Amino acid sequence: MTEGPTSPPEDYDLRNPNEEEGRRLEEAVEHETYGETDFEENELHADGQMCARCGRAIAPGDEVRRTASGGYQHEVCPA
Ligand SMILES: [Zn+2]
């Protein structure tokens, strides 16, 4: 009898991918419901603009939102 490394039962192997897939699906659905309204506006050319809140320049990759006054601010403002 050889005592090899214990391999996990196949059930274990199968369960993980399934869970991940489920999670991804949830995320996708969330994005869809959120996405249509404001998300596109958030992708406007905010680079070069100033954040109305912290006064810093907004980098091209930063997520921004429009303020009520028509300016921009970081979606997650460091200020
Ligand atoms: Zn800011």
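Reply: Happy to! Helices (H or I, at least four residues) and strands (E, at least two) are DSSP runs, numbered from the N terminus. On that basis, the elements of the protein chain run α-β-β from the N terminus on. That comes to one helix and two strands.

Me: What should I know about the numbering and the kind of model?
Reply: Residues are numbered from 1 along each chain as its sequence is written. This is a predicted model, where local features need pLDDT of at least 70, side-chain atom pairs count only at pLDDT 80 or more, and totals for chains, interfaces and linings use all residues.

Me: OK, and what does the protein chain average in pLDDT?
Reply: pLDDT is the predictor's confidence in each residue, from 0 to 100. The average for the protein chain is 72, and 46% of the residues score at least 70.

Me: Where is confidence lowest, and where is it highest?
Reply: Helix H1 (residues 10-42) has the lowest confidence, with a mean of 59, while strand S2 (residues 72-74) has the highest, at 91. Where pLDDT is low, the predicted coordinates should not be read in detail.

Me: Changing topic: how many of the residues count as buried, in percent?
Reply: A residue is buried if 20 or more other C-beta atoms lie within 10 Å of its own, exposed if 12 or fewer, and partly exposed in between, with C-beta atoms placed from the backbone. Of the 79 residues in the protein chain, 8% are buried by that count.

Me: Why does Val64 count as buried?
Reply: Because Val64 has 24 C-beta neighbours inside 10 Å. Val64 belongs to strand S1 (residues 64-66). Its C-alpha atom is 7.7 Å from that of Val76, twelve residues apart along the chain.

Me: And Tyr72, buried or exposed?
Reply: Tyr72 is buried, since 23 other C-beta atoms lie within 10 Å. You will find Tyr72 in strand S2. From Tyr72 to Ile58 is 8.5 Å, C-alpha to C-alpha, and the two are 14 residues apart in sequence.

Me: What about Glu63, buried or exposed?
Reply: Glu63 is exposed, with 12 other C-beta atoms within 10 Å. Glu63 sits in the loop between H1 and S1. Gln73 is ten residues away from Glu63 in sequence and 8.6 Å away in space, C-alpha to C-alpha.

Me: Which residues is Ala52 in contact with, leaving aside neighbours within four places in sequence?
Reply: Two residues are in contact if their C-beta atoms, placed from the backbone, lie within 7 Å. For Ala52, leaving aside those neighbours, the contacts are Thr67, Ser69, Gly71, Tyr72 and Gln73. Ala52 is in the loop between H1 and S1, and counts as partly exposed with 19 C-beta neighbours inside 10 Å.
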